[in-house]
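This report describes a single protein chain for a reader who has its sequence and coordinates at hand. Please consult the display below while reading.

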Amino acid sequence: MLGGAGILLGVAAVPAQAAEVSYSTECIPPAISGLPPVQGTTKVEITAPAEAKVGDEVTITWKFVQAASKNPDVLDLDANTVKPTGTLKAGGAQTADIAMEGPRENPAIPKNSAMKLSDMTGRLKLTTAGDVTLTPDAYNINVSKPISTDTKCTPKESVNSSATIKVTSGGGSGGTPTPTPTPTPSPTPSPTAPSPSGSATPSPSGSGTDGGSGGQTDFTGKEVSVPYACKTPIGDKNATSAVQINARKDGGSFALTVQFKASVMDSPADIPADSVKPSMEVVLGGADKGTVHVEGPTNSAPIKSGDPIEIPDLKGTYKPGATGSSTLSPGVLTVMALGTTTTCTPTKSEVSLTLDTSEQASGASGGGSSSSGSGSAGTSGGLAETGSDSHSALQALGLVAGTVVLLGGAVFTFMPGRRRTR
């Protein structure tokens with residue numbers, strides 16, 4: 001609803017009027033969400049001077065009594081992250097598009113609760129005597145965190161005027177109306193969905209190498225194809241990626257490096273620095289049991305929309321808990337991104353590296369790991385959908401897989417992009 005306090009500049013005491021109007025509204029989610037438009041009802045209240053003179057410049061306020069939809073049950077919105085802008089139509093004696101804008105001021109908006117939008121204000125210089133009507137039109141809702149997204153809402157029916165200013169000719173000059181320039185603020189461009197072209201980058205094909213012969217210190221695992229099953233806030237997803245585990249012997253322990261060999265899609269939106277962090281539980285088998293935690297760094301720099309998302313190497317230390325031939329396989333993958341946690345479990349485990357190990361005090365078997373060699377674990381969060389089956393590549397295993405941001409009538413699914421061939 002349009003609302004607020006109208007102020008007639010230059011006039012000492014002019015009564016204000018407030019009128020409410022409601023209309024059917026269609027809100028368009030960002031293109032990358034792949035979701036259909038949201039239908040709802042907008043209620044606004046307009047406050048403006050009841051009377052004014054030609055030459056006066058008046059301030060008009062648009063108050064949202066009700067936005068077109070709630071904040072869905074996915075993500076809480078932080079305080080002071082939501083900013084509305086819109087257009088108010090002047091008609092009758094004078095026609096103009098009045099740019100309306102509200103501050104980025106809002107209380108925290110929990111999931112599944114009503115949207116709270118600040119009052120918008122705009123100014124109109126009166127040029128012609130007569131009745132000037134004020135009618136709400138399209139509006140835009142911008143959310144600044146965790147990334148900037150825009151929801152564009154437009155009326156789906158003829159909207160009644162909500163206020164009228166009676167303009168007299170005293171003190172001003174008439175003539176041709178001069179509309180206040182009021183282009184609707186351009187929303188942040190929504191990138192188009194990335195194309196699933198490209199193939200997995202081949203990696204060294206070395207087989208698991210013994211870790212105890214001839215004083216060898218570097219061991220190269222083989223590249224294995226790992227199918228993942230994930231649960232996302234928008235449904236179950238499956239994805240497959242090529243993964244390789246390498247090791248460097250350091251005393252009785254091994255420094256592990258896990259590399260993802262598949263390409264991924266380009267980022268569909270700007271990603272802030274230090275906002276995403278991947279990790280994995282490497283599954284031990286053979287003589288040893290348990291898991292080894294490996295993790296990668298957060299992204300040190302922002303990632304621009306359209307740029308490739310590089311999955312960093314995941315690193316950790318394996319301290320053997322048994323003597324014998326021990327195997328290492330990719331296990332549960334976790335991606336913490338923009339305040340969400342994504343967990344994906346391999347549906348099939350395959351050994352990438354085999355090492356000859358010697359039991360170390362407080363090693364893996366005696367280290368209290370609760371994970372078993374099967375690599376199974378509970379899942380939460382999600383991984384975005386895969387790309388071309390012919391490449392068996394994890395097209396959507398980025399650092400922000402499955403993160404979902406919902407704002408009022410708009411739903412934004414932040415999915416990763418394609419990494420260029422190494």
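**Confidence of the model**

The structure is a predicted model. Averaged over the protein chain, the pLDDT is 73, and 65% of the residues score at least 70.

**Strand pairing around E5**

Strand E5 (residues 57–66) pairs with strand E3 (residues 38–49) in the antiparallel sense, over five bridges. Within this part of the chain, Val-44 is found opposite Phe-64 of E5. E5 also pairs with strand E10 (residues 120–125), again in the antiparallel sense, over six bridges. Here Thr-59 has Arg-123 in E10 as its bridge partner.

**The disulfide**

The structure contains one disulfide. A disulfide is a covalent bond between the sulfur atoms of two cysteines. In this model the bond joins Cys-27 to Cys-153, with an S to S distance of 2.1 Å. The link of Cys-27 and Cys-153 is right-handed, with 110° about the S-S bond. Because Cys-27 belongs to strand E2 (residues 16–28) and Cys-153 to strand E12, the pair ties together parts that are 126 residues apart in sequence. Both Cys-27 and Cys-153 are buried.

**Salt bridges**

The structure holds eight salt bridges.

| Lys | Glu | Closest N and O atoms |
|---|---|---|
| Lys-83 | Glu-101 | 2.7 Å |
| Lys-222 | Glu-350 | 3.7 Å |
| Lys-277 | Glu-295 | 3.5 Å |

For the salt bridge of Lys-83 and Glu-101, Lys-83 lies in strand E7 (residues 82–92) and Glu-101 in strand E8 (residues 96–101), so the pair ties together parts that are 18 residues apart in sequence. Glu-101 counts as partly exposed because its relative accessibility is 43%.

The salt bridge of Glu-350 with Lys-222 links distant parts of the chain, 128 residues apart. Glu-350 is in the loop between strand E23 (340–346) and strand E24 (353–357), while Lys-222 is in the loop between strand E14 (218–220) and strand E15 (224–232). Glu-350 is partly exposed at 32% relative accessibility, and Lys-222 is partly exposed at 32% relative accessibility.

In the salt bridge of Lys-277 and Glu-295, Lys-277 is in strand E18 (residues 276–286) and Glu-295 in strand E19 (residues 290–295), so the pair ties together parts that are 18 residues apart in sequence. Lys-277 is partly exposed, with a relative accessible area of 27%, and Glu-295 is partly exposed, with a relative accessible area of 36%.

**Aromatic pairs**

The count of aromatic pairs comes to five. The ring centres of Phe-64 and Tyr-139 are 5.1 Å apart and the planes stand at 70°, so this pair is edge-to-face. The pair links distant parts of the chain, with Phe-64 in strand E5 and Tyr-139 in strand E11 (residues 130–143), 75 residues apart. Phe-64 is buried at 9% relative accessibility, and Tyr-139 is buried with a relative accessible area of 2%. Ring pairs join Trp-62, Phe-64 and Tyr-139 into a cluster.

Another pair is formed by Phe-219 and Phe-254, which is edge-to-face because the planes are at 65°; the ring centres are 6.0 Å apart. This pair too links distant parts of the chain: Phe-219 is in strand E14 and Phe-254 in strand E17 (residues 253–260), 35 residues apart. Both Phe-219 and Phe-254 are buried.

**Two individual residues**

Where is Ser-162 found? Ser-162 is in the loop between strand E12 (149–155) and strand E13 (163–168). Ser-162 counts as buried because its relative accessibility is 5%. The C-alpha atoms of Ser-162 and Glu-45 are separated by 7.3 Å, although the two residues are 117 residues apart along the chain.

Thr-327 is located in strand E21 (residues 324–329). With a relative accessible area of 17%, Thr-327 is buried. Not counting residues up to four places away in sequence, Thr-327 touches Val-283, Leu-284, Gly-285, Gly-286, Val-351, Leu-353 and Thr-354.

Definitions and conventions. Residues numbered from 1 in each chain as written. Predicted model: local features only at pLDDT ≥ 70, side-chain atom pairs only at ≥ 80, totals over all residues. Heavy atoms only, no water. Helix = DSSP H or I, 4+ residues; strand = E, 2+ residues; numbered from the N terminus. Buried < 20%, exposed > 50% of the residue type's maximum accessible area, 1.4 Å probe, protein only. pLDDT = per-residue confidence, 0-100. Contact = heavy atoms within 4.5 Å. Disulfide = S-S within 2.5 Å. Pairing = 2+ DSSP bridges. Salt bridge = Lys/Arg side-chain N within 4 Å of Asp/Glu carboxyl O. Phe/Tyr/Trp six-rings, centres within 6.5 Å; stacked < 30°, edge-to-face > 60°.
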